[in-house]
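The sequence and model come first.

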Amino acid sequence: MRESMAALPVRAVYTIGELARACAMDRRRLVRMLRKAGVQIFRVGAYWLVTLSELEKKASPLWEAIKAAEMLRHGLDAN
């Protein structure tokens with residue numbers, strides 16, 4: 001798992017920039033992939049946002065990576 005993905009906490013909303021950095025991918029490419037999967041992207045001012053529920057429903061590989069990183073973080077914190 002990428003270190004950048006491991007540092008991404010579970011939150012209700014993510015910016016496209018955060019997700020792109022975590023996936024080590026260009027923002028435009030990520031937006032295309034998310035739109036192709038049917039993920040709804042919201043624009044608020046200068047920010048492009050994606051909700052966790054959209055990732056969970058329509059982009060399960062990305063959601064699974066975020067969830068796995070969170071589980072690893074908590075497992076390491078417990079020791």
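## Largest pocket

The largest pocket holds about 160 Å³ of space. A pocket here is an open set of points on a 1 Å grid over the protein atoms alone, with protein on both sides within 12 Å along at least five of seven lines, and lining residues have an atom within 4 Å of a point. Grid points are joined across faces, edges and corners, and the volume is the space filled by probe spheres set on the points.

The model is predicted: local features need pLDDT of at least 70, side-chain atom pairs count only at pLDDT 80 or more, and totals for chains, interfaces and linings use all residues. Residues are numbered from 1 along each chain as its sequence is written, and side-chain values use heavy atoms, with hydrogens and water left out.

The pocket is lined by Met5, Cys23, Met25, Leu30, Met33, Leu34, Ala37, Ala59, Pro61, Leu62 and Ala65. Two or more lining residues come from each of α3 (27-36) and α5 (60-78). Helices (H or I, at least four residues) and strands (E, at least two) are DSSP runs, numbered from the N terminus. The lining comprises 11 nonpolar, no polar and no charged residues; the nonpolar class is Ala, Val, Leu, Ile, Met, Phe, Trp, Tyr, Cys and Pro, the charged class is Asp, Glu, Lys and Arg, and the others, Gly among them, are polar.

An open sheet of 3 strands runs in the order β1-β3-β2, with antiparallel pairing. Because β1 and β2 (42-44) are at the edges with a single partner strand each, one side of each has no neighbour in the sheet. The twist averages 40° from one strand to the next. Between β2 and β3 (residues 47-51) there are 3 bridges in the antiparallel sense; pairing requires at least two DSSP bridges. Phenylalanine 42 is opposite leucine 49 in β3.

Helix α2 (residues 16-23) packs on this sheet and touches β1 and β3, its direction making about 75° with that of β1. Axes are lines fitted to C-alpha atoms, for helices over the stretch in contact, and angles run from 0 to 180 degrees between N-to-C directions. Contact means heavy atoms within 4.5 Å. In α2, 6 of the 8 residues are buried, namely Ile16, Gly17, Glu18, Leu19, Ala20 and Ala22. Alanine 24, which follows α2, has a positive phi near 55°.

## Proline 9

Proline 9 sits in the loop between α1 (3-6) and β1 (13-15). Its relative accessibility is 31%, so proline 9 counts as partly exposed; buried means under 20% relative accessible area, exposed over 50%, and partly exposed in between (1.4 Å probe, protein chains only).

Leaving out residues up to four places away in sequence, proline 9 touches Tyr14, Ile66, Glu70 and Arg73. Its C-alpha atom is 7.9 Å from that of alanine 69, 60 residues apart along the chain.

Note on methods. 1 Å grid on protein atoms, 1.4 Å probe; cavity = no way out; pocket = protein on both sides within 12 Å on 5 of 7 lines; lining within 4 Å.
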